[in-house]
Amino acid sequence: MRDPSGFMRTEYEDLVEKGFDWKLRTLEGPSAPRCKVDGKDVIMLCSNNYLNLSNHPRLAAAAKKAIDTHGAGSGSVRPIAGNLDLHIEAEKAIARFKGTESALTYQTGFAANAGLIPQLAGKGDIIISDQLNHGSIIDGVRLTKADRGIFAHRDMGELERVLADADKKYEKILVVTDGVFSMDGDIQHMGEIQKLADEVGAMTFVDDAHGEGVIGPDGRGIGAHFGIAGKIDVEMGTFSKAYGVVGGLIAGSQDLVNYALNKSRTWLLSGSHPPAVAAAQLEAIKVLEEEPEHVKNLWDNTKYFKNELISMGYNCGDSETPITPVIVGESHKAKALSDRTFELGVFALPIVFPMVARDAARIRTMMNAGLTREDLDEALGAFEKAGKELEII
Amino acid sequence: MALLGFVVNPIAGMGGRVGLKGTDDVLDQALELGAEPIAPHRVQIFLTKLRSIMESRGIEEQIEWLTCAGTMGESDLKTNKTGSMTYEVVFSPGEPTSAEDTRLACKRFLEKDVGLIVFCGGDGTARDIWQTVGEKVPIIGIPSGVKMHSGVFGMNPEATAEIVASFVSGELDIAEGEILDLDEEKYRQGEWHIRLFGTARTPHEPTYVQVSKVQVEAVGEDAIKEEIAESIVEDMEDDPDMLFILGSGSTVGAVSKELGIDFSLLGVDAVVNKELIAKDVNESKLLELLDEHKKVKLVISPIGAQGFILGRGNLQLSPEVIKRIGIDNITIISPPAKLAQTPMLRVDTGDKELDEMFHEKQYLRVVFRYKTMKLVKIMK
C-alpha cells in the first residue's frame, strides 16, 4: 500500500538533516530600522525595505483610507470585475516616475517574470540571460520553448558574441537580466546591453527589483540611471523592496502593456491587489517624488557604513549599491560571524557556499534609509568586536 | 570517518622526462636513460595541501587510508601522517611492483568498501584501476603520468587535494569520467591514437540551481544528462527526416536512453526519426549514410579532461566524415560540471585544414542544460 504523502516528511527531514530547511524568524511589530526579531531587539540589516517606506505614515494612512472608501478586497481578477480606479492610478504614477509610456502592476514580482517572459519568446526564438540571473527569471524562461543562451556575469564581450551567433539563427531575440545583482550588489551594464541589443534588433528585459527606489535620479531605477528611460523594452520591478508595499510591475510602451495584460496567465488568473495595497503603492511613488531625502539618506548611510567596514579591514567586494557584502572567506567563519553579530544585536544573514564561491562566504547587509548614525555606529561596533574575536580583521 | 583507498604507481611519469611516450613496459629503458621517480614528490604536494585545506576549512571528518606496502603508498603516508589522517596497509605488492599489483590492491579496497580510491599515476594507472573497479567506486588521480587524457585527474596535485577534501566533507557529486589511453595496437603500427576504453566514476562539483534567494539545490548528473537529451530528442521530433549521428560516451548515450534504443557507449550510432538505423558504425558506413541522407546533425560531447570534441576516442568521425557533415551541423553537449572543468574545447582531427576551420570559428555552441547553451572558446 502506498503512503500518499509520506514523501513530504521524508524530504523535509532530509532538508533538516542537511541544514537546508528554512528556520523562520518572527518579526514582532513593523519592519523598521530597529525591530524585534524572535523576542530580541535588533538593528535590521537584511530587509529589502531600503527607504524605510513600509512603515511610512503616509503609506499607512493611504492604505487605511482606501479600506474606508473601497473595502478590504477587490472582488475579482482584474480582467473581469476587480480592476479598481486605484490600480489605474498607481500604474499612471509608475509610468510617470519611471519615464515610460505606460505601466502595469502584477500580483508579485515573481508573477510578472513567470507570467510575462514565457509570452515574449517561443519556438524558433532565443532568450539570452546573464548567468547570475534571479530564480524568478529562470523560472519564467523555463516555461518557454525558446532556446536559451547564457553569457558570463556582466561580460559584454561574451554577450556581443552570443548576440552575433543568435542573430543568424533565430527569429526573436530577448536579452533578460537583473539590474542590480542581489548577492554582490553590482549593477548590470544596462546602457551597453541596450546598445548591443539595438544593433541586432533584440528585445531587452531588466528585472530592476533591487534598483528601483535606489539607483537613478531620485531612485527612478536602472533606465534613468543609464539615461535610457523608456528605451528598455521591459523594465520589470517590484513594490516589495524600496517601495515598501508588495506587488510586481512592468513599465514600457503601451504596446507592451496591452500585450502583457492580455497574455500573462499569472496576471489574468490571480485576484487583484486589495484597495489598501494599491493605495499604498500609489502613495509610495508620490512620497518618492515629493520627499527626495529618503534616497539621499540611503546613499549617505551606505557610503558611511561601507567605508567604515573597509577601514576596519573587511572586504566588501565590488558592491556599487546599498547591498554591502562582508566577505570573510570560509563558510564556517561567515556563520560564526553572523551568530555573533546577532548576539550583539545586528540582524544580517550569512550567505555561504554553494550560493557563493567556497572562499567568498559572507554576511550580506542591506542598508535602510531610516537608520541613524548612532544605529550604524552600534552595528559597526558589533562587526568590529565580532570580527576581532573571530580573527577575521 | 572516511575510508579511502590510496595507491601510488611508483614509476609513473618516469618515461616522460626521458622522452618516452609512457612508462608502461619500458621501465628498463627509462632507467637506462636516467629517469628518476617523480610520484613521491607529487604525493607529498598532494598530502601537504590536503592537510592544510582540512585545517583551514575546519573539516572534522577523519580520513583513514587503506593502502599498499612500500613505495605503492605506505612510504608516502608514513612521512605525512597527522592526527586527522591515519592509514592501514591492506596489500603487499611483489618486487618489482607491477600493474597487476595495482589491480589486486584495488580488489582489496573494494572488499573493504572504500568510498573513493585516490591514485597517483597517469592514463595507464587509471586504466588498471578502472579495469578492476569499473563504476563501482569513484576514483580520482594525482596527475603524475606521461599521458593524462582521462577525465579522472585533478588539474595538479593541489587540485586533487581540493577535490578529496570536498568529497570527504560531503560537498561533491559523483559523475562520469572517461578512461582514455594510447591504443597500443595502433601504436605498434606506428600510429599515435588515443582510445576511449570506458567510463569510470569520479567526484565532481555538483550543478546547482537556485531554490530561493539564499538557497540552492544540487542537481544530479543523470538528471542533467536527461534534460540535455530531451532537447536533442525534441530536435529529432522537429525534423523526422534528419539523420542524427550520435558520438561516444555516456552524455550522448543519455540521448539513446531517452529514445529507448540500444546504443554503443564507445562507438558511434545513427538515428533517424527517433529510430536506430545503424549501431556502432565505422567510417565507411558513415560515408554511406551521408550519401543517403541530405540533412544531418552530429551530436558529440567533449571527451576526457582536456576538452577534445574530435580526435580522442572517436576516430570513426574522420576528417572526411566531419567535412561532409559540416561544422555548423555539429551539436556539442556537456553537463555543466564537466564543462566547468574543460573551459576550452579542442579538436585534433588529423587534418590541418579541418582543424583550422574549427579554429576560425573561435567559439562553439555547447548545450549544457535543457535547450540552454553557451559559447565556449576553441583552443588552437
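Modeller: In this predicted model, the domain assignment divides chain A into domain 1, made up of 6-55 + 292-389, and domain 2, which covers 57-290. The C-alpha centres of domain 1 of chain A and domain 2 of chain A are 26 Å apart, and the contact between these domains draws 22 residues from domain 1 of chain A and 22 residues from domain 2 of chain A. On the side of domain 1 of chain A that touches domain 2 of chain A, helix H12 (293-312) and strand E10 (323-329) of chain A each supply at least two residues, and E10(A) gives the most, with 3 residues. Sorted by class, that side of domain 1 of chain A holds 12 nonpolar, 8 polar and 2 charged residues.

Turning to chain B, strand E5 (residues 139-143) is largely enclosed by the rest of the structure, because 5 of the 5 residues of this strand are buried. In a regular strand, side chains alternate between the two faces of the sheet. Both faces of E5(B) are covered, with Ile139(B), Gly141(B) and Pro143(B) buried on one side and Ile140(B) and Ile142(B) buried on the other. Strand E4 (residues 116-121) of chain B pairs with E5(B) in the parallel sense over 5 bridges, and within this pairing Val118(B) has Ile140(B) as its bridge partner in E5(B). Together with helix H6 (residues 123-133) of chain B, the strands E4(B) and E5(B) make a right-handed β-α-β unit.

Methods: Residues are numbered from 1 along each chain as its sequence is written. Chains are lettered from A and ligands numbered from 1 in the order in which they are written. This is a predicted model: local features need pLDDT of at least 70, side-chain atom pairs count only at pLDDT 80 or more; totals for chains, interfaces and linings use all residues. Domain bounds come from an automatic or database domain assignment. Two residues are in contact if their C-beta atoms, placed from the backbone, lie within 7 Å. Helices (H or I, at least four residues) and strands (E, at least two) are DSSP runs, numbered from the N terminus. Ala, Val, Leu, Ile, Met, Phe, Trp, Tyr, Cys and Pro count as nonpolar, Asp, Glu, Lys and Arg as charged, and the others, Gly among them, as polar. A residue is buried if 20 or more other C-beta atoms lie within 10 Å of its own, exposed if 12 or fewer, and partly exposed in between; C-beta atoms are placed from the backbone. Two strands pair if DSSP finds at least two bridges between them. A crossover is right-handed if, with the strands pointing away from the viewer, the path from the first strand over the helix to the second runs clockwise.
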